[in-house]
Amino acid sequence: MEEKKQNVQNHNPHSGHRRRLRETYIEQGPESIHDHQLLELLLTYAIPRQDTNPLAHRLLGNEGFGSLEALFAADVHEIAKVKGVGESAAILLSLIGSLNRRTAAQKVRGTRLNTPYAAMEYCKSLPFRGNNESMYVISLDKSYRVLHADRISSGTPGEVTMYPRTVVETVLRRGAEKVMLCHNHPSGDLRPSQEDLNTTSLIIGALTPIGIVLNDHIIVGGGCAYSMSQQMHELNSRSENGLATAAEKEE
């Protein structure tokens, strides 16, 4: 059996390089290895008979996702679109991202987002998909503790479409009493656009009738964050006035 194993290794021209990568990882830790080498080593468990170095570079380059963070935030279908990625590799990479997100969600469950600063710090830790905008709904209990963060939509580098009905269904499923929104601006410009304000107003209008408050809308990008808390007061007031007017008409 040992002889057969040795013969298989001898017929794999990449086995020596892989062995050295593993030894470096074990003896010196992940900090001693570049991102593409870590990814290259990971891919060997899904692609046992090929050189995984070019694919690792492709996944982290312009043809792929640009970074490990963006790669592990992508879903299995997006990963599978990259040239050279088979089903096994796509599933493996997607599983890593799913496990990371689940672990992160367990760690932050119960975190209190009762100030704009706390909300911004929390939102900066959420995973976003490379150069595309994504939107999260963060469900909170009555004490502003995180119940769950759901990514409900992903769009293009310049916009993301979000449906109020999806937000309502999500927060009711999570048993939320308060809600925050968070989306990213890949450009790094954190100023809320008119579309951001319109979307926020629509969500407030959908949540107010069912007694759920939208506390904040956080925009992240370039490692920074912006809280729309100053605009929230005005938007919430508009929604409450609109409901009052509608009630008067019904009477």
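1. Two strands count as paired if DSSP finds at least two bridges between them. Strands (E, at least two residues) and helices (H or I, at least four) are DSSP runs, numbered from the N terminus. This is a predicted model, in which local features need pLDDT of at least 70 and side-chain atom pairs count only at pLDDT 80 or more, while totals for chains, interfaces and linings use all residues. Residues are numbered from 1 along each chain as its sequence is written, and side-chain values use heavy atoms, with hydrogens and water left out.

2. The open sheet has five strands in the order 2-1-3-4-5, with mixed pairing. From one strand to the next the twist averages 20 degrees. Strand 3 (residues 178–184) and strand 4 (residues 213–221) are parallel, over seven bridges; asparagine 184 is opposite valine 220 in strand 4.

3. Helix 10 (residues 194–207) lies across strand 3 and strand 4, at about 155 degrees to strand 4.

4. The axes of helix 2 (residues 15–28) and helix 3 (residues 35–43) come within 10 Å and cross at roughly 115 degrees. On the helix 2 side the contact involves His17, Arg18, Leu21, Arg22 and Tyr25; on the helix 3 side, Gln37, Leu38, Glu40 and Leu41. By class, these residues are four nonpolar, two polar and three charged (nonpolar: Ala, Val, Leu, Ile, Met, Phe, Trp, Tyr, Cys and Pro; charged: Asp, Glu, Lys and Arg; polar: the others, Gly among them).

5. A nonpolar core is a set of buried Ala, Val, Leu, Ile, Met, Phe, Trp, Tyr and Cys residues joined through side-chain atoms within 4.5 Å; buried means under 20% relative accessible area (1.4 Å probe, protein chains only), exposed over 50%, partly exposed in between. The largest has 20 residues, and Leu39 and Leu59 have the most contacts inside it. Helix 3, helix 4 (53–60), helix 5 (68–73) and helix 7 (87–108) each supply at least two of its residues. Beyond four places in sequence, leucine 39 contacts Ala56, Leu59, Leu60, Leu68, Leu71 and Leu93. Another core, apart from this one, has 18 residues, including Val171, Leu181, Leu207 and Ile212.

6. Threonine 52, in the loop between helix 3 and helix 4, is buried at 3% relative accessible area. Not counting residues up to four places away in sequence, threonine 52 touches Arg18, Glu40, Leu43, Thr44 and Ile47.

Technical notes:
Axes fitted to C-alpha atoms, helices over the stretch in contact; angles between N-to-C directions. Contact = heavy atoms within 4.5 Å.
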